[in-house]
Structures are given as structure tokens and as C-alpha cells.
Amino acid sequence: MADLSHAHIEAFLEMMSAERGAASNTLASYQRDLDDLHSFLAARKVSPVTAGSRDLSAYLSDLGRKGFAPSSQARRLSAMRQFYKFLYAEGLRGDDPTSTLDSPKKRRALPKTMSEDDVTRLLEQAAREADDPSPGQYVRLRMLALLELLYATGMRVSELVSLPARVLGQEGRFLIIRGKGNKERLVPLSKSAIDVLQRYGQARQAELAEAGDNPWLFPSPGKDGYLPRQVFARDLKAIAARAGLRAAAISPHVMRHAFASHLLQHGADLRIVQELLGHSDISTTQIYTHVLEERLRQLVQTHHPLAKTVENRE
């Protein structure tokens, strides 16, 4: 019996064009994907029209072995689903073999972060600029305070820029942060953050002496009354560039990730990091498990007696 698979694929593409108005790029993509499927099945001596779920599952597994990303596999599966729905609607098949196939699971992307050296360079650059007594020192000191607080606490940028001015009156090494759902959490401050915050508070008082008081720690003439997070993000990239860092890879959120990653690298418990970040669910914090896995591997290699025995043998 002649294999009419190519004819059926052409008919499917014509339907997608005429009835669905599919763009030429979409049609070309469908054709490439279905032709690739046809080649794979031909090697198994099966045609796309007669292929079963196991054949199609084997095709997806083969894509995975070849290194195709889950997103690429999902796109191929989408093309297959459309094609087999067409065959079923046209009476060319009595079933849809894709109905039992699961979509490939996408790997959760690891969070972008900064090395400890990069954070040190950034803070040192901000400190040098804040020490410059030339006009604009208040803004430079504000940036230093923002960076110190962000790295010391891992706050969300929205929490950072909207801190109330009353935190300047708090004593001790802790800061109360009001986060999502109006929930409060207590986070410790580093000595450098405390020192910079006190210094910034004095500069802020002098800056507002004529303009009048403001309830926010980082006041701004904008509608919210505090520094817009977009302005901070822009200024952060600028100072990162001046520090010799790749500005495109740095943002307030990346510094939040650096805070969490560096804590875990130095032995912090995942539950503690969850509390400090203000995550309501531990599963959100588990994006950092790659850090824990590396630390555990190093611990085993360093301290496990069997690891030492293997090392001595080598």
C-alpha cells in the first residue's frame, strides 16, 4: 500500500492556511516538524497515519536524547497534536494517538545571581562615590544606602524603595519589613548597613530641611512620594557599569538572588532563607537547591571518610 503521509501533511498545511489563516512562518515550522517525524517513523517502518502513541512517545524521547530543549519538544508535540486532530476530523484515523502524551516538563531556570566578588566591587564603587563631597553627594549616598540594605536583607525592590522613614529611629540590628499580603518579617542588618543607614539619615535630614518632611526613607517628588523602583534599577545598572561589571546582567532582583545564594553557600538553612526572603511557600525558595547541592557535594568530598580513602588511593 502506498504511503500517503506526505499527501496528508500537505492537506493538513492547506487546511491550516485556508481555514486557520496560519502565517507562512508557522506553516514552514509545521512542515519541518512533521517531515522530521515522518523520517523518524519511516526508520521504524511506520507511517504517521498508522503510528501509535508508543511510536510518537519514542519520537519525543529521541528528541530528548539528541539534546532538544523541553520547549522545542513541546513545539513538536503541538504540531503533532494539530496534525492528528486533522486526521481524526477527516476520518483518516479513528483515534488521536497524541491524546495520551504528556507535554515535556520544562526545566526551571536557575536564578541569575552575582558572585561575592562582584557584590564587593559594586559596594566599593558606591562607597567611593558616596565619599565624594562634590555636588550630588546626597544622591550618591542614597545609592550606597539602597545597595547596602538590599544586599544585607534580600528585600524585594518594591519593599526597599517604600521603606518608611521611621526605620531610622529603630535601634538594634534588625529591620521590620512589610511584604506581600501585608505580612511583616524581621531581618537582621549588617554592621556596614547600619553605619551607612545612620550616615544617610543625617544627609536625608539636611536635604529635607527646606523641602519639608516626608514619610518615606527614600523620598521622591513623584506621585507615590518615594523613589520609583524603575529609577533605582536604572541607576543600579549605571553604577554597575562604572564598577566594571556587565550592567545588563545586574538588577535589584539579581542582588536579591545573590543575598540568598551567598547565605546558602555559607551554611544557612533553607528555611531561614525562606523567612528572610518573605516566601510563604518553601517550594519558591527551592530554586536555590542547586546551591545546596554543590555545598553538600563539597562537604561530602571534604569530610566523608570514604571520600578521603578514595583520595588517598589516588
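This is a predicted model: local features need pLDDT of at least 70, side-chain atom pairs count only at pLDDT 80 or more; totals for chains, interfaces and linings use all residues.
**Overall make-up**

The protein contains 14 helices and two strands. It is built from 314 residues, of which 41% count as buried. Its accessible surface amounts to about 18,100 Å², and carbon and sulfur atoms contribute 51% of that area.

| Helix pair | Residues | Angle between axes | Axis separation |
|---|---|---|---|
| Helix 3 and helix 4 | 53-65 and 70-89 | about 160° | 10 Å |
| Helix 5 and helix 10 | 116-130 and 252-265 | roughly 130° | within 10 Å |

Helix 3 and helix 4 pack at an angle of about 160°. Angles over 145 degrees count as roughly antiparallel, and helix 3 and helix 4 are therefore roughly antiparallel to each other. The crossing of this pair is right-handed. On the side of helix 3, the contact is formed by L56, Y59, L60, L63 and G64; helix 4 supplies Q73, R76, L77, M80 and Y84. By class, the residues in the contact of helix 3 with helix 4 comprise seven nonpolar, two polar and one charged.

The axes of helix 5 and helix 10 cross at roughly 130°, which makes helix 5 oblique to helix 10. Helix 5 passes helix 10 in a left-handed crossing. In this contact, E116, V119 and L122 of helix 5 meet M255, A258, H262 and Q265 of helix 10. The contact of helix 5 with helix 10 divides into four nonpolar, two polar and one charged residues.

**A loop residue: S280**

Where does S280 lie? Its place is in the loop between helix 11, residues 270-277, and helix 12, residues 282-285. Is S280 buried or exposed? The relative accessible area of S280 is 71%. Because exposed means over 50%, S280 is classed as exposed.

Which residues does S280 touch, when those up to four places away in sequence are not counted? They are K183 and Q274. K183 stands 97 residues from S280 along the chain, and the C-alpha atoms of S280 and K183 are separated by 9.7 Å. S280 is thus a residue of the loop between helix 11 and helix 12 that touches K183 and Q274 and has a relative accessible area of 71%.

How values were computed: Residues are numbered from 1 along each chain as its sequence is written. Side-chain values use heavy atoms; hydrogens and water are left out. Helices (H or I, at least four residues) and strands (E, at least two) are DSSP runs, numbered from the N terminus. Buried means under 20% relative accessible area, exposed over 50%, partly exposed in between (1.4 Å probe, protein chains only). Accessible areas come from the Shrake-Rupley method with a 1.4 Å probe; for residues, only the protein chains shown count as cover. Axes are lines fitted to C-alpha atoms, for helices over the stretch in contact, and angles run from 0 to 180 degrees between N-to-C directions. Angles under 35 degrees count as roughly parallel, over 145 as roughly antiparallel, 65 to 115 as roughly perpendicular and the rest as oblique. A crossing is left-handed if the near helix is turned anticlockwise from the far one by less than a right angle, and right-handed if clockwise. Contact means heavy atoms within 4.5 Å. Ala, Val, Leu, Ile, Met, Phe, Trp, Tyr, Cys and Pro count as nonpolar, Asp, Glu, Lys and Arg as charged, and the others, Gly among them, as polar.
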